[in-house]
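Biologist: I would like to go through this model term by term. Please set each value against its definition.

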Amino acid sequence: MRHLKSNFKKISSLRSIVKLNNAIFGLASWVTIAYIMQQILRLGTSVVLAWLLAPELLGTMLLINTLRTGGELLTDLGVGQSVVNNPRGNEPSFYNTAWTIQIVRGLVLFVVALGLTIPVSQIYESASLQILLPAVAPIFILTGIASPARFLLQKRLEVRKLMLFDLGMAGCGAVIQIALALYSPTIWALIGGLLITQVLSTVASYFLIDWRTLRLQWDPSAVKAIVHFGKWIFAASLIYFLAMNFDRLYFADAIPLALLGVYGIARTFSEAIMQLFQRLGNFLIFPKMSASVQQISDLRIQIAPMRLGLLIVVAYGLAIGVALADQFIYLVYDDRYRAAGFFLTVLLVGTWFSILSALADAMMMGLGKPSGVAFSNGLKLATIAISLPFVLTRYGINAALVVFVLAEAARYVVLVLRTRRAGIGFTRQDILATASFFAMIFVFRELTMLVGISGGIEEWISDARTSHG
């Protein structure tokens, strides 16, 4: 009788795991398919804009977007993450308080952006920024007044609705950007497209939930909870921004804007894959673990098989991407962007460690331990800040790209130690998948040479010796 009860419990547990994995797979499919379609739109738009606009304009917009993102991340109080993580997140008093904080933050950012226009223009010795930065500043007000619907849908795991919304906005943005660039191939096409798209997104966000539940509110207990959770989010976001964008800010002053625009093309492609895993982590792992009442050991058992299979598939797919990256750039872009071929090859190698880190980030956030995320980004930032200026001035930009790979690897090492300490590490899985990734890069690259697509490993060596610094 005991054996029957024991077997029944095991069968029930197995069914629960299968049911959970199927549910997660369904949600992950929505995130992945929607993201792939968004990236097709984004990257297709990037290619069209690269043909319509001069590299200098793309470089200027890359700098403006970096400064804009910096303003948002440097004041990130973890409002959205608090709504997702806190048990009270679905209560109107909590998310209305979060929304109020978000609005105040947007207004403050708008005023600060206007005040910093002249100093920033002087730092980068660009008179045009004195006009362009104030023109972009209203973006902070628009993002501030957007509905908190995204956070609520993320918390409720209503992934389908959220993904369809994002896909729709991406489509509108692509059409608007290209139409404006065709009409006026200037920097104003890029700025106008950014602002118009954000206006549409902000207005549409109010239709994702019942907007009648929204009102300005200041619940002291909600504010305390947001600040308590957000202090590490603030630190993590601050360091994350500097770690992810130090290269853009530094290159904007150290290399010509035309070369910065070429580099931006490579970054756009390399970040696309990393951002997919960030989204999977943010929309699935983070909210799921935040709401889970299971023991960490049980969670690890449930996650392990699916995680290993996913990493092996990604390792092989990304290895093919690395092997063909330069040939793709040569095929799609004109000779002005040829240097982006080698740039992309190296950056995609770093993307592998970014993927591993993104998965670990989401798990640490789900466990309510964002401090590990902050420390890992801190080591990445230190590696880049110390090494990049030295390597760039002595060996050129091609060698400097290797710094980013090493920095991503350093970030990952910190997260490995943190997740192991929390009892949810996957070190053996990661070693197996990483070994497969690097082995397949060599195999696939040599195969491309045999079929006449590329010059093999020797072509990479030749490109590496060519400095564009």
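Modeller: Contact means heavy atoms within 4.5 Å. Helices (H or I, at least four residues) and strands (E, at least two) are DSSP runs, numbered from the N terminus. This is a predicted model, where local features need pLDDT of at least 70, side-chain atom pairs count only at pLDDT 80 or more, and totals for chains, interfaces and linings use all residues. Residues are numbered from 1 along each chain as its sequence is written, and side-chain values use heavy atoms, with hydrogens and water left out.

Biologist: Which residues of H17 and H18 meet?

Modeller: From H17 come Ile441, Phe442, Arg445, Glu446 and Met449. On the H18 side they meet Gly456, Ile457, Glu459 and Trp460. These divide into five nonpolar, one polar and three charged residues. Here Ala, Val, Leu, Ile, Met, Phe, Trp, Tyr, Cys and Pro count as nonpolar, Asp, Glu, Lys and Arg as charged, and the others, Gly among them, as polar.

Biologist: Why are H17 and H18 called roughly perpendicular?

Modeller: The axes of H17 (residues 427–450) and H18 (residues 456–464) cross at roughly 100 degrees and come within 7 Å. Axes are lines fitted to C-alpha atoms, for helices over the stretch in contact, and angles run from 0 to 180 degrees between N-to-C directions. Under 35 degrees is roughly parallel, over 145 roughly antiparallel, 65 to 115 roughly perpendicular, and the rest oblique. H17 and H18 are therefore roughly perpendicular.

Biologist: What makes Asp219 and Arg88 a salt bridge?

Modeller: The rule asks for a side-chain nitrogen of Lys or Arg within 4 Å of a carboxyl oxygen of Asp or Glu. The closest N and O atoms of Asp219 and Arg88 are 3.1 Å apart. The pair links distant parts of the chain, 131 residues apart. Asp219 sits in the loop between H10 (187–205) and H11 (220–254), Arg88 in the loop between H3 (79–85) and H4 (92–115). By this rule the count comes to 12 salt bridges.

Biologist: Why is Asp219 called buried?

Modeller: Buried means under 20% relative accessible area, exposed over 50%, partly exposed in between (1.4 Å probe, protein chains only). Asp219 has 15%, so Asp219 counts as buried. Arg88 has 22% and therefore counts as partly exposed.

Biologist: How do you know that Asp166 and Arg150 pair, and what do they tie together?

Modeller: Their closest N and O atoms are 2.5 Å apart, which meets the salt-bridge rule. Asp166 lies in H9 (residues 159–183) and Arg150 in H8 (residues 149–155), so the pair ties together parts 16 residues apart in sequence. Asp166 is buried at 10%. Arg150 is partly exposed at 27%.

Biologist: What about Asp210 and Arg212?

Modeller: Their closest N and O atoms are 2.9 Å apart, and they form a salt bridge. Asp210 is partly exposed at 37%. Arg212 is exposed at 64%. Elsewhere, salt bridges that share partners join Arg88, Glu91 and Asp219 into one network.

Biologist: What makes the phi of Glu125 worth a note?

Modeller: Most residues other than glycine have a negative phi. Phi of Glu125 is near 50 degrees, a positive value. Glu125 lies in the loop between H5 (117–123) and H6 (129–136). At 72%, Glu125 counts as exposed.

Biologist: How many helices and strands are there, and what share of the residues is buried?

Modeller: The protein has 18 helices and zero strands. Buried residues make up 52% of the 469 residues.
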